[in-house]
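Good morning, colleagues. Please look at the sequence and the structure on the screen while I go through two parts of the chain.

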Amino acid sequence: LILNISESNQSSTASKVIPKDTENLIREAEDSLKKSQEEKTQIKDPQFRWPVYGRVVYAFGEELDDRMNNGIYISAPSGSDVNASESGVVTFVGAREHFGNLIIVKHPNSWVSTYAHLGSINVIIGEKIRKGQPIGIVGMTGSINSPQLYFEIRRGTIVQNPEDFLD
């Protein structure tokens, strides 16, 4: 490795030879820095967990009320805690006609999870939540006739079968 050193007030360029062991140390440091920067930019996909204990009563892809089911419906006792399936930021809290009380959470790498038919909501828009944190309770809001949670996962705008990603 040869360093070319030039000074603005000199017309000539001086060359200096770096010893081989120093050259190796410089390369190792550069490689280590590059690896560290790559690790920081690689954000892992979320590892979703079941948001509530219960039984799946309508599976992903089933036709339900003349519409394809984009999530799963989990039957659970009214008032049961609904926990964040993964850490993220709450992007929507509100009510919709079909889904009743609803929470949408954004996760790393464009993943989004949706929780609907909630009896009550314990988070606000913009709140950073952690995996397992209670965010609401199971209810019967919207167009359902028994206590249950609707749970949906998307990557970007593409719906995913939640059961493929739940541990």
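Let me begin with a term: buried means under 20% relative accessible area, exposed means over 50%, and partly exposed lies in between, with a 1.4 Å probe and protein chains only. The model is a predicted one, in which local features need pLDDT of at least 70 and side-chain atom pairs count only at pLDDT 80 or more, while totals for chains, interfaces and linings use all residues. Residues are numbered from 1 along each chain as its sequence is written, and side-chain values use heavy atoms, with hydrogens and water left out.

I turn to Gln133. Because its relative accessibility is 12%, Gln133 counts as buried. It sits in the loop between strand S11 (128–129) and strand S12 (134–138); strands here are DSSP runs of E, at least two residues, numbered from the N terminus. Leaving aside residues up to four places away in sequence, Gln133 touches Val82, Asn83, Ala84, Val123, Glu127 and Lys128, where contact means heavy atoms within 4.5 Å.

Of its 8 residues, 6 are buried, so S13 is largely enclosed by the rest of the structure.

Which strands pair with S13? Two strands pair if DSSP finds at least two bridges between them. Strand S6 (residues 72–75) pairs with S13 in the antiparallel sense over 4 bridges, and Ile74 has Leu149 of S13 as its bridge partner. Strand S10 (residues 111–121) is also antiparallel to S13, over 6 bridges; here Ala116 stands opposite Tyr150. Finally, 3 bridges join S13 to the antiparallel strand S14 (residues 158–160), with Arg155 opposite Ile158. S13 and S14 form a hairpin with 2 residues between them, and Gly156 in the turn has a positive phi of about 70°.
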